[in-house]
Amino acid sequence: MTLTINDFADLRSAEALEAALRAIGAERYHSNHPFHHLLHSGQLDKGQVQAWALNRWYYQSRIPMKDAAFMSRVVDPDLRREWSQRVVDHDGTREGVGGVTKWLRLCTGLGLDEAYVRSEQGILPATKFAVEAYVHYVRERSLLQAVASSLTELFSPTIIKDRVAGMLKHYDFVDEATLGYFQARITQAPRDSDFALAFVKQHARNEEERQQVCEALLFKCDVLWAQLDALHHAYVLEGGIPPGAFEPVREQGRVAA
Ligand SMILES: O=C(O)c1cc(C(=O)O)c2c(n1)C(=O)C(=O)c1cc(C(=O)O)[nH]c1-2
């Protein structure tokens, strides 16, 4: 069944809203994307996994910027304080700790050069457009929709567990230390999404606003889906790598392991 905005006809209560959000996630979350199925079931080679980590670096690096953009618009100190934890999670309280550093460790653990990753030179054009669209969305839409757009995290603990288990099982070039980023997310993501869900349930006061919340989640699912479409097109289909984007090193006709 394919959902459209009009399918959320029953948005008469906060509980109906939650049910609609969960239905959107079940259908549209990036756990359903073919590229994730390939990644988690060991069907990618090392170069394709590198491409995934490199492109997601761009997403990871922009997440604290979008959270800072959100906070810059918030008048209520309680909400700002709550949200500030997200920036701390990613940036850490000092250099060398925090999610951004851990993602960098994932990239270097896969054999990518740190300076190359940081330079953002190899990122796919579509990754940049999708991620920037998310930052702009949070900067420009209502605070309600900005909060709602983070609700994909309701669904991330399951995919993170599947990913870590699948990658450890299938790829000899990853170990628990390389995937350390995901360890913290298992607790951080539910904390963040519980807050965001309670917020939208409380602050969306009528059907129109509940509809806006659903639209924000649909938008965010598109942001995540588009990034995987870009990876799939560039690195799974033959000949899809755009000029200037990351080129996996190939040895004797196969990607280096
Ligand atoms: O591994 C994943 O599949 C996944 C998904 C998402 C998400 O659903 O947006 C986030 C993350 N990870 C993540 O690590 C993260 O820090 C994060 C922040 C946000 C956000 O929208 O504020 N989403 C996500």
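First, a term for the opening stop: a nonpolar core is a set of buried Ala, Val, Leu, Ile, Met, Phe, Trp, Tyr and Cys residues joined through C-beta atoms within 7 Å. Buried means that 20 or more other C-beta atoms lie within 10 Å of a residue's own, exposed means 12 or fewer, and partly exposed is in between, with C-beta atoms placed from the backbone. What you're looking at is a predicted model, where local features need pLDDT of at least 70 and side-chain atom pairs count only at pLDDT 80 or more, while totals for chains, interfaces and linings use all residues. Residues are numbered from 1 along each chain as its sequence is written.

**The core.** Select Ala53, Leu54, Cys107, Val200, Val213, Leu217 and Leu231: of the 57 residues in the largest nonpolar core, these touch the most other members. Now colour helix α11 (residues 207-235), which supplies the largest share of this core, twelve residues. Helices here are DSSP runs (H or I, at least four residues), numbered from the N terminus. In soluble globular proteins, nonpolar side chains tend to be buried together.

Zoom in on Leu231. Beyond its neighbours within four places in sequence, Leu231 is in contact (C-beta atoms, placed from the backbone, within 7 Å) with Phe35, Ala51, Trp52 and Asn55.

**Helix α5.** Next, pick residues 99-109, helix α5, and highlight its buried residues: Gly99, Lys102, Trp103, Leu106 and Cys107. They sit on the same side of α5, because they cover an arc of only 150° around the axis (taken from the directions from the helix axis to the C-beta atoms). What do they pack against? Show α3, α4 (77-91), α6 (114-119) and α10 (180-203).

Move to Glu120, in the loop between α6 and α7 (125-140). Most residues other than glycine have a negative phi. Glu120 isn't a glycine, yet its phi is positive, about 65°. Is Glu120 buried or partly exposed? Partly exposed, because it has 13 other C-beta atoms within 10 Å.

Find Gly47 in helix α3 (residues 46-71). Gly47 counts as buried because it has 21 C-beta neighbours inside 10 Å.

Terms used: Helices (H or I, at least four residues) and strands (E, at least two) are DSSP runs, numbered from the N terminus. Two residues are in contact if their C-beta atoms, placed from the backbone, lie within 7 Å.
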